[in-house]
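The terms are given their cut-offs where they come up.

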Amino acid sequence: MDVLSNIKTLALKVWRSQALKYTVVVVLGVLIVGFLDENSVMSHLKNQRRIALLEEEIAEYNANFERDQAQIRELDRNPKAMEKIARERYFMKADDEDIFVLSDDNRVPQPIVSHETAE
C-alpha cells in the first residue's frame, strides 16, 4: 500500500508542476517516435540498411546481365565461341577427341538442398 501512495504522490507532483508535465510529455513523445512507433528512427535505420543491401544486389545483377549480354553478342559474332562454351561447360567433344575430367578428391561433398515442398 505504501508503494501505491508513493506513486500517487509522484503523479500529483507531476500533475501540478508545469515544467515537469512538459518534460514528461516530451520524453514520452521521443520514446514513442524513436523506438515504439511504426515509423520510428530504429525502423528507419533498419530500412536504410536493407536498401543498401538491395542496391548492392541490384549492382551485382546488372553486372551479371552485362556479362551475359556480352557473351550473347560474342556468340552471335563468333561461331568458335559457341564451340568453346560447349566444350567447357557441357564437356562436348569432337569425334576424334577424348575428354578427361579431373576431380578434386579433397573437396567435401555438398548436401543436396531441395526447396520443393510437398502438398
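**Notes on the helices and their surface**

1. Helix 3 and helix 4 (residues 79-90) pack with their axes 5 Å apart and at an angle of about 120°, which makes helix 3 oblique to helix 4. Axes here are lines fitted to C-alpha atoms, for helices over the stretch in contact, and angles run from 0 to 180 degrees between N-to-C directions; angles under 35 degrees count as roughly parallel, over 145 as roughly antiparallel, 65 to 115 as roughly perpendicular, and the rest as oblique. On the helix 3 side, Gln71, Glu74, Leu75 and Arg77 meet Pro79, Ala81, Met82, Ile85 and Arg89 of helix 4, where contact means heavy atoms within 4.5 Å.

2. This is a predicted model, in which local features need pLDDT of at least 70 and side-chain atom pairs count only at pLDDT 80 or more, while totals for chains, interfaces and linings use all residues. Residues are numbered from 1 along each chain as its sequence is written, and side-chain values use heavy atoms, with hydrogens and water left out.

3. The secondary structure of the chain comes to four helices and zero strands, in the pattern α-α-α-α when read along the sequence. Helices (H or I, at least four residues) and strands (E, at least two) are DSSP runs, numbered from the N terminus.

4. The axes of helix 1 (residues 2-16) and helix 2 cross at roughly 100° and come within 5 Å, so that helix 1 is roughly perpendicular to helix 2. Val14, Trp15 and Arg16 in helix 1 meet Gln18, Leu20, Lys21 and Val24 in helix 2.

5. Buried residues make up 5% of the 119 residues in the chain, with buried meaning under 20% relative accessible area, exposed over 50% and partly exposed in between (1.4 Å probe, protein chains only). Ser40, in the loop between helix 2 and helix 3, counts as buried because its relative accessibility is 3%. Leaving aside neighbours within four places in sequence, Ser40 is in contact with Val33, Gly34 and Phe35.

6. A nonpolar surface patch of about 1,100 Å² includes Leu20, Val24, Phe35 and Met42 among its residues; patches are made of residues with over 30% relative accessible area and no salt bridge, like charges being joined within 9 Å and nonpolar side chains (Val, Leu, Ile, Met, Phe, Trp, Tyr) within 5 Å. Helix 2 (18-36) and helix 3 (41-77) each supply at least two residues of the patch, and helix 2 gives the most, with nine. Val24, found in helix 2, is partly exposed, with a relative accessible area of 33%.

7. A search of the whole structure finds one salt bridge, defined as a side-chain nitrogen of Lys or Arg within 4 Å of a carboxyl oxygen of Asp or Glu. The side chains of Asp68 and Arg67 meet in a salt bridge at 3.3 Å, N to O, and Asp68 is partly exposed at 32% relative accessible area.

Methods. Accessible areas come from the Shrake-Rupley method with a 1.4 Å probe; for residues, only the protein chains shown count as cover.
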